[in-house]
Amino acid sequence: MIIKRTKLLLPVIFSVAILTSAAYLVQREYADWKIYGGSGDNIKYSDLKQVDTTNVKQLKVAWVYHSENEDQSKYGPIESNPIIVNNTLFGVSPRLKLFAVDAATGKEKWHFDPADTSGNKTWARNSVNMNRGVAYWADGDDRRIIYTVGPIAFAVNAETGKLIPGFGVNGGVDLRKGLGRNPKDVSISPTAPVIIYKNLFITSGLVSETTPGHIRGFDVRTGKQKWIFHTIPYPGEAGYSTWDDKTAYKRMGSTNAWSGFSLDSKRGLIFAGVGSPTNDFYGGDRWGKGLFGNCLLALDAATGKLKWYFQTVHHDVWDMDISSAPVLVTIPRDGKKIDAVVQTTKSGFVFVFDRVTGKPLFPIKERPVPTNNAALGEKLNATQPFPVLPKPFVRQIMTEKDLNTIVGDSSYQDVKRRFKTYRSQGIFTPPTEKGTIILPGYDGGGEWGGPAVDPETNILYVNANEMAWVLNLVKEKSDNKKSMTNLQAGVVLYHKNCMGCHGPERLGSGDYPSLIGVERKYKFAQFSELLSTGRRMMPGFAQLSKAEKTAIGSFVLNLKPEQEKPYTGTVIKNNNKSRPSYSFTGYNKFLTKEGYPALSPPWGTISAIDLNTGKYHWQVPFGEFEELKKKGIPTTGRENYGGPVVTAGGLIFIGASADGKFRAINKKTGKTIWETELPAPGVATPAVYEAGGKQYIVIACGGSKWGGKSSDAYVAFTLPDK
């Protein structure tokens, strides 16, 4: 166990009797859960061990808190990792209500509803965006929660649940301002919580394809922006020369640290993984390596100045954005202890660096990758970085030998036929109009929950997905007609802005819903507002003009009278005449007729990787299909989102899986030793804490984007009283 000695007790540390009682000698470093991920290190570790491998089977439900009062119309995914401060648990509901409950009983103390105009007249919002947690800051009696709802950062009194008037304007800060673009044209909705450093809070977030994901620091008391780090560099800044188009900083979007941060408070360093630039799958209009896209960044937390960076993918056209916050550890090298930062990725790589210098602690080699037969106008990077150790924790290439054989022969033959039409040469196979296999897939490999690390052993535990997807590029439709109807313009604009998620025929794709019949759910005014604000993981399209929204709405909502009217917006055209522009046909999973992955199992795993050596201790399938289990098929694993927590009691606690179970796993062996059904899948990272002398494990159970059960529940477990 990592310990901190208290100064007052130093004179007696040599007493053998006292040394045997750690409770008197040490302040446990990981005994609470006051920060998202448990600590600034973000290692999701608890040194509580009241619950251990010998008694975990006795766990019982301690309390259930219904964050929307069991109003089923307000159920939905909750990805929030709650924090616990002074026996109060703070979390967020599916509709983004902030709440405080007694950590031992689940009894509500207060809640703040951002849609309630009586308590939030200036910033009232009805939109539903994803939120994965909140941050706590205190100075004497001034205790506040900082959390985001869409583009607004709120400061809420942690004792009363009321907005703090002196923060920003009437308790809120509009994050659309201060990005160097017209605020009316940008869309930002942070998903990960802000991180606190002294009197600053730091954020980036989910952004639209025309909004830059710059990282910014704000005064936690006033809400005033104090610094900005340009993830798309400005002239004279580091990285500017890596863009062939020297105007990229004016127009490009994304490159956002949407998955959050870790903090080395001693050195005043924050670490962030940055996503890919716009557009995700075609780089013909953004030649060059494109810093700081796909980079692990080390920044000065007080000023935002760059310390060092490492790019995990050069000129990304596979949507391989860094999908989780890095974790901070200390590992031995050549007889010394090196403070390190570890980054897992969607592609299944584990990168390990010296935290101060950025020097790799395991070799990383630039290896040649396929670049032939790429899309017209594309200029792919000839090499990509591959860590020598640890080895990837997922498969990165799909061959005919990897096809699913647990389905019937006709289904297998269908998969085999389709596979032969696709290009599949590994994770860096060029995207094409023909179709390219993307493995481990758009949703990982490693996903936003990130890994957990046991600091006693430096073993990293990471859950992962293995789902093949099919990427099909399509030339963007453009129309230079001087006169068009709303319907004609709406079709072109839909293909440009919406097809990637909802498919060319509006039938939905992957985890994104069909838009067929959506006119029965939305009136035009509601649809237009949705386009502006976004919803959950859908970014807002604030850059669209009223005429463009009208045209898209006329097409999607099938508004016949509106479709026939003349389109009054600007002419739609491809601005780059030297080469075509591409979109893609949607997030399409490669599935069998039965709906199972076309790839052979496992489809979900948990791995235990020794960061001291880079070697694996174990890897096991994670999650199951009940119907396959009944047929005697060995555990296949399933898609999973949300991270694990590892404890000093020898356990890994994890929900995450689509099967809706909450599990305790022996961290030494990978064997599941306890599991229970949740009200809905716990697609979130658990929190572990102590209240009233008892250890609790709590998880949000909102359900998931796969459909099925949904809920508004937070469920806490503890051991029964003796």
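A search of the whole structure, which is a predicted model, finds 39 aromatic pairs; rings of Phe, Tyr and Trp (its six-membered ring) pair if their centres lie within 6.5 Å, with planes under 30 degrees apart counted as stacked, over 60 as edge-to-face and the rest as tilted. Residues are numbered from 1 along each chain as its sequence is written. Local features need pLDDT of at least 70 and side-chain atom pairs pLDDT 80 or more, while totals for chains, interfaces and linings use all residues; side-chain values use heavy atoms, without hydrogens and water.

A tilted pair is formed by F271 and W308, at 6.3 Å centre to centre and 55 degrees between the planes. F271 belongs to strand β20 (residues 269-273) and W308 to strand β22 (residues 306-311), so this pair ties together parts that are 37 residues apart in sequence. Strands here are DSSP runs (E, at least two residues), numbered from the N terminus. F271 counts as buried at 0% relative accessibility, and W308 does at 7%; buried means under 20% relative accessible area, exposed over 50% and partly exposed in between (1.4 Å probe, protein chains only). Both F271 and W308 are members of one aromatic cluster, which also includes F310, W318 and F349.

An edge-to-face pair is provided by W469 and Y587, 6.4 Å centre to centre with 90 degrees between the planes. W469 lies in strand β31 (residues 469-471) and Y587 in the loop between β33 (582-584) and β34 (588-589), so the pair ties together parts 118 residues apart in sequence.

Turning to the sheet, four strands form an open sheet in the order β4-β43-β42-β41, with antiparallel pairing; two strands pair if DSSP finds at least two bridges between them. β4 (60-66) and β41 (687-691) stand at the edges with a single partner strand each, so one side of each has no neighbour in the sheet. Strands β42 (residues 694-703) and β43 (residues 710-718) pair over six bridges, and G703 stands opposite S710 in β43.
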